[in-house]
Amino acid sequence: MLTVLLSSFFLTIHNVTVRVLFSEHLVLGVFVLGGYVKPDLPNSFLLMFMRMLLVVPLMATLALKLYPSAGKEIQDLFRRERFDVLIQAVGCGILMFVYIAALYVAIGLIPTGIALTLFFTYPVFTALLAWKFFGDRPTPFRWLVMSMILIGGVLTIPQSSTSYSSNTVVIGIFASLSAGVIYAFYNVIAQICLEKFHPVPFTWISFTSTLLLSGVNLLIFSPSSSQLDWTPLWIGSIFSGVISFIGHTLNNLGIRMIGATKASIVGSSSPALTALVAWITISENLNLIQSLGIAVVTLGIALLSAEGFFHQRSPSR
């Protein structure tokens, strides 16, 4: 359980780092840092590419240690009978690239805790997609919790102000929710793919696809390099890449130790943890209604995860 909590903490630090790269903040009440790039798609591609340049080789090393047959399984994907699995794995990589790009834009435009809370409404969309593709009809309890998550998400929506224009708020909300919907599709396709493919090489393909796609999009939508401060960008990207790698590794270890269901219950603390860390590190303040919304979404995610946990523990009749 501690491993999963640490995973959520490291991934939260990664998100806050991205926020600082996009906008200037007083960090820990001491240092004024940030605002090195505008929160738009080209710069999201840039930050993704710089981060993945570090993470992909690290994940390749880890993959070979955790699962020595990873290389052979990837080679087997190019056989005709396994081509459908290759398409699914690469498709998940494309979806990962899109949802990370959208989430980066959202984090750059609206408070980190709110952006992550709106993103974490994805279990609602995942449940609806699972109903359509797998026939997993939501129970009355699940409908109730899904409604609760959506209501909590609505409560977190920031109002336009001198800090956030109405246009900025709308784009940030749309980007957060879009990232959640795309991540739901990622989960559904991943579920299909992982029935026939090991999760270790699958994860590496997803990250490699993100690296390649961000590089290609940088060639098409390249930001103006003359306006970029490369030193803090590289420092921030390397730092976020390392802690993101540690976070994903700890999460995988946690799943292995306590199971995916328990890990998802513990991981449901991410929206609240993000808001707390953002408040402590970069003084992002939320009003009472927004804090209530984050609490409602966090509780809803925990209840959805707990439903599966108690269902597994209930004796079969």
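Predicted model: local features only at pLDDT ≥ 70, side-chain atom pairs only at ≥ 80, totals over all residues.
Let's start with the second largest pocket, which has a volume of about 360 Å³. Its lining takes in 15 residues, with Thr17, Val20, Val27, Leu33 and Phe239 lying nearest the centre. Three elements, α1 (2–22), α10 (230–258) and α12 (270–282), each give two or more residues to that lining. Of these, α1 gives the most, with five residues.

**The helix pair.** Next up are α5 (residues 112–119) and α8 (residues 166–194), whose axes come within 7 Å and cross at roughly 35°. The crossing is right-handed. On the α5 side you'll find Ala115, Leu118 and Phe119, and they meet Ile173, Ser176, Leu177, Ala179, Gly180 and Tyr183 in α8.

Here is how the residues divide at both sites:

**The glycine.** Gly108 sits in helix α4 (residues 83–109). Is Gly108 buried or exposed? Its relative accessible area is 8%, so it counts as buried, the cut-off being under 20%. Leaving aside residues up to four places away in sequence, Gly108 touches Arg19, Phe22 and Pro39. Lys38 is worth a glance too: Gly108 and Lys38 are 70 residues apart in sequence, and their C-alpha atoms are 7.8 Å apart in space.

Technical notes: Residues numbered from 1 in each chain as written. Heavy atoms only, no water. 1 Å grid on protein atoms, 1.4 Å probe; cavity = no way out; pocket = protein on both sides within 12 Å on 5 of 7 lines; lining within 4 Å. Points joined across faces, edges and corners; volume = space filled by probe spheres on them. Helix = DSSP H or I, 4+ residues; strand = E, 2+ residues; numbered from the N terminus. Axes fitted to C-alpha atoms, helices over the stretch in contact; angles between N-to-C directions. Left-handed = near helix turned anticlockwise from the far one by under 90°. Contact = heavy atoms within 4.5 Å. Buried < 20%, exposed > 50% of the residue type's maximum accessible area, 1.4 Å probe, protein only.
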